[in-house]
Amino acid sequence: MSRAARIVGAAEATYVRHPGPEQSTESFIAAAVAAALADAGVGHGEVDGLAVSSFSLAPDHAVDLVWKLGMTTRWVMQDPHGGASGINMLLHAVRAIEAGDAETIVLCSADRMEMEDFLRLTDNYNSVARDYLAALPTNGPNALFAFLSQRFGAAHGLEREDFACLPIAQRAWAAKNPGAAYRSPMTLADYMEAPMVTPPLCRFDCVPVVSGGDAIVVTSEERAAVLGGPSVGVRAIESIFNHDHQDGDGIHSGFGLIREELWRAAGVRPEDVGAAYVYDDYPVMALVQLDELGLVPDRDVKRFLHQALLERAWPMNTSGGQLSAGQAGAAGGMHGLVESVQQLRGRGGERQVEGLELALVSGYGMILYTHGTSHNAAVLERHG
Amino acid sequence: MSAPLTVSVCGNCDYRAYPPRLLCPRCGSSEWRPQPAEAGIVTEVTELLAGYQRRQLPSGEWLEVTEEPPRLVTVRADAGVHVVARVPAGVEVGDRVRLFAGTGRVTAVPEERP
């Protein structure tokens, strides 16, 4: 038996830089889940599957959240894989619905995160961070991505003025996103004069640490038809974990290895995509994703930065991305997915990409010793 | 306390692992032997200029915010692995360095002392 899955709702619990005492990881989860169900028009009682990703759920587990959300489910999942968790949960939810293991699944990701939490999290991210990186110190992943930015810049002939195009372009999109933490326009002068953090990275190359949550609702094609309205189908999802055992240079990532199968399975070409949602923990990795997934014409990254992103505002991370909207811990892994679904369903508001039919969403994360281990990507399509 | 850096070498196929692994990525063996990684060449350099705070590290040691920003490098070790290390001021890309394993961190100093 195979029944196609459709994403029918998405929502974000507003990201805040300084959460109030009444706000917790769970309150962000509840807010995002309730809003996503409302967006989908799905009743609370219909939900029969739940997936969650959060760095701060402990001592609770996914099933404890099922209880706190007042649900009964036939399917449950908890995913700790950071920036790759959103698409990973989507993959498993889609397969569950296709197989009939569940019919209506809610995916949610949230963290209440302040700077001390973030630094403690990154120091203890895994045993390698704890035993080989935290005491250097590296101040979270900044130093590692400074190295990767130098390497990628050297390989592609990019200076700071070129990298700048990406955060500047994303900030322009954020101006139209009421939910973004940072919305004021950024100029090249702003970027070049910004305080340096870990050279060549400046403040605007690093995501703002925020608290918040994201959720989407996935159901069967049959149910989506009854609900009415536009829905989002998944044409393909591909993943790869630990492709190079950390022996590689970090700028030849796993995305290059999944590209061919992703587009073959999707049955469309990169040029057919109208918007891309790549995981922008740092500009360098957003560029690696765009380039290795086939979205950069002629693989001329420098030209793409200036012409496509800066001049033509080609739709990439149209919420402003994490670099402008903020990274709410594990919710960063679902932020791009939520924005892509909202855009595909025509709910982009002032920043709506006209006539959007196909989008690419990618996830990246779980830094080990020098770069990330976890990569995934999905091609999403509007229906109805 | 620091000692010369060592890496793990697969007893079956000579694969070099740093940090150590359980099973060899190349052949799946679980037999490892240590090998010194005494020196290498610096490939990238950065410094922590902002945003890190005094805090307690996983080891229990307190990380202090120093006046001189911590300087960090990646080193391509002669032993065939890359290493992230702390260096003193003045170490640059292309320098050869000697590698030392401390508590939770690798340090490196210029191989040719002036």
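How many bridges join β4(A) to strand β7 (residues 211–220) of chain A, and in which sense do the two strands run? Eight bridges join them, and the strands run antiparallel. The structure is a predicted model, in which local features need pLDDT of at least 70 and side-chain atom pairs count only at pLDDT 80 or more, while totals for chains, interfaces and linings use all residues. Residues are numbered from 1 along each chain as its sequence is written, chains are lettered from A and ligands numbered from 1 in the order in which they are written, and side-chain values use heavy atoms, without hydrogens and water.

Strands are DSSP runs of E with at least two residues, helices are runs of H or I with at least four, and both are numbered from the N terminus. Two strands pair if DSSP finds at least two bridges between them. A:Ser53 stands opposite A:Ser109 of β4(A).

Strand β4 (residues 104–111) of chain A is largely enclosed by the rest of the structure, because eight of its eight residues are buried (under 20% relative accessible area with a 1.4 Å probe, protein chains only). One side carries A:Thr104, A:Val106, A:Cys108 and A:Ala110, and the other A:Ile105, A:Leu107, A:Ser109 and A:Asp111, so that both faces are covered.

The largest pocket has a volume of about 890 Å³. A pocket is an open set of points on a 1 Å grid over the protein atoms alone, where a 1.4 Å probe fits, with protein on both sides within 12 Å along at least five of seven lines; lining residues have an atom within 4 Å of a point. The volume is the space filled by probe spheres set on the points. The lining comprises 48 residues, and A:Phe118, A:Asn142, A:Cys206, A:Val207 and A:Tyr282 lie nearest the centre. The largest share, six residues, comes from α4(A). By class, 31 lining residues are nonpolar, twelve polar and five charged.

A:Ser319 lies in the loop between α13 (301–311) and α14 (321–325) of chain A. This residue, A:Ser319, is buried, with a relative accessible area of 2%. Residues that A:Ser319 touches (heavy atoms within 4.5 Å), not counting those up to four places away in sequence, include A:Ala174, A:His335, A:Glu339 and A:Arg351.

How values were computed
Ala, Val, Leu, Ile, Met, Phe, Trp, Tyr, Cys and Pro count as nonpolar, Asp, Glu, Lys and Arg as charged, and the others, Gly among them, as polar. Buried means under 20% relative accessible area, exposed over 50%, partly exposed in between (1.4 Å probe, protein chains only).
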